[in-house]
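Dear colleague,

Please find below the structure that I am handing over to you. My notes on it follow directly after.

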Amino acid sequence: MSTLRLQKLVGQAVISDDFRAGLMNERRAELLRLANLEPDELAAITAIRAANFAEFSAAVEALIEAREQAQSAPYHVEPHWPRVINWERAESELHA
Amino acid sequence: MAQPTVKFLCVAIANALLAHYGVERPPVPVRDFLRAPPPDLSNELSLIEALSFGEAMYIRGLSGQGTVFSNPSLPGYTQRFALARALFLGLCNSRGGQAAGLPPAKVLTNDLYDIANYFARCLLMPKWLLPEGWEAMAPEYVAELFDVSVSVVEQRKQELPTPY
């Protein structure tokens, strides 16, 4: 549902001049509160810095894509190896 | 300068229109969208059902008023799809569409035609309105449910699932 909410936000700004103007000025926070976004969405959209509405839309699209990718790969495994292996210590621990 | 993809804008605008008109079940009343467009689009969109050839076309008159002319003698689902496609061309010419980065619809190129068709499919068969397990249902049943052609259902099946 959150993707749908974010899509509607951009779409609403295309079909309403007032809404679009508000998103690009100091009324953004007020409009976002009315959009019923999740707290993390609210923070992310509030933080967008865009020179114009096209840039704002591109930033929202990038946010949606990042979320979709994170949801499709929830188990990201990254092995962490020690940078420097102390072979003497490792050997002594092995024989201890 | 970063630009949104046209496909993203198609889905975003389709979903905003569906929310604006309070659509909660198929079929999507696209004709009503054109008869009573959102206030800021009233100069870009209107509907005259009196075309005697073709399917539908979007024309902007000397006064600046954009109008969709449609052919009422066509089957219902053909008309509806043509109306949704023509609606997109009006959106391309609107202030909001231009601000978002939609392509200008002065000349109907093949690319623009393909994008308009994609918009029409998103509007008439939005992802969130599709019934559970619709891919396994008979295409004829889904087509009847959404009042679209079977080929639109097949195309939608191919392009979903996508992020949008």
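Helices (H or I, at least four residues) and strands (E, at least two) are DSSP runs, numbered from the N terminus. The expected span of a helix is 1.5 Å times one less than its number of residues. With 20 residues, H5(A) reaches 29 Å from its first C-alpha to its last, close to the 28 Å expected at 1.5 Å a residue.

Some conventions apply throughout. The model is predicted, so local features need pLDDT of at least 70 and side-chain atom pairs count only at pLDDT 80 or more, while totals for chains, interfaces and linings use all residues. Residues are numbered from 1 along each chain as its sequence is written, chains are lettered from A and ligands numbered from 1 in the order in which they are written, and side-chain values use heavy atoms, with hydrogens and water left out.

Chain A

The secondary structure of chain A consists of 6 helices and 0 strands, in the order α-α-α-α-α-α from the N terminus on. Of its 96 residues, 33% are buried (buried means under 20% relative accessible area, exposed over 50%, partly exposed in between, with a 1.4 Å probe and protein chains only). Taking contacts (heavy atoms within 4.5 Å) in chain A between residues at least 6 apart in sequence, 53% join residues at least 24 apart.

At its start, a side-chain oxygen of Asn52(A) comes to within 3.2 Å of the backbone nitrogen of Ala54(A). The buried residues of H5(A) are Phe53(A), Ala54(A), Phe56(A), Ser57(A), Ala58(A), Val60(A), Glu61(A) and Ile64(A). Within chain A, the buried residues of this helix pack against H1, H2, helix H3 (28–34) and helix H4 (39–46); in chain B, they pack against helix H1 (6–20) and helix H4 (95–100).

The interface between chain A and chain B

What does each chain give to the contact? Chain A supplies 24 residues and chain B supplies 27 residues. Together the two chains bury about 2000 Å², 67% of it on carbon and sulfur atoms; buried area here is the accessible area (1.4 Å probe) that two parts lose on being put together, summed over both.

Between chain A and chain B there are 5 residue pairs in polar contact, both residues being at pLDDT 80 or more. A polar contact is a pair of N or O atoms within 3.5 Å; within protein, one must be able to donate a hydrogen and the other to accept it, and residues adjacent in sequence count only if both atoms are side-chain atoms. On the side of chain A that touches chain B, the elements that give two or more residues are helix H1 (2–15), helix H2 (17–23) and helix H5 (53–72) of chain A. H5(A) gives the most to that side, with 10 residues.

The interface also holds 1 salt bridge (a side-chain nitrogen of Lys or Arg within 4 Å of a carboxyl oxygen of Asp or Glu). Its partners are Asp17(A) and Arg95(B), at 2.5 Å from N to O.

Salt bridges within the chains

Over all chains, the structure holds 14 salt bridges. In chain A, the side chains of Glu41(A) and Arg67(A) meet in one of them, at 3.5 Å from N to O. This pair links distant parts of the chain, with Glu41(A) in helix H4 and Arg67(A) in helix H5 of chain A, 26 residues apart. Glu41(A) counts as buried, at 0% relative accessibility.

In chain B, Arg85(B) and Glu55(B) form a salt bridge at 2.6 Å, N to O. Arg85(B) lies in helix H3 (residues 76–93) and Glu55(B) in the loop between strand S1 (47–48) and strand S2 (56–60) of chain B, so the pair ties together parts that are 30 residues apart in sequence. Arg85(B) is buried, with a relative accessible area of 10%, whereas Glu55(B) is partly exposed at 34%.

The loop residue Asn71(B)

Asn71(B) is found in the loop between strand S3 (66–70) and H3 of chain B. Is this residue buried or exposed? Asn71(B) is buried, with a relative accessible area of 5%. Its side chain reaches the backbone oxygen of Gly54(B) at 3.0 Å. Leaving aside residues up to four places away in sequence, Asn71(B) touches Leu51(B), Ser52(B), Phe53(B), Gly54(B), Glu55(B) and Gln79(B).

With kind regards
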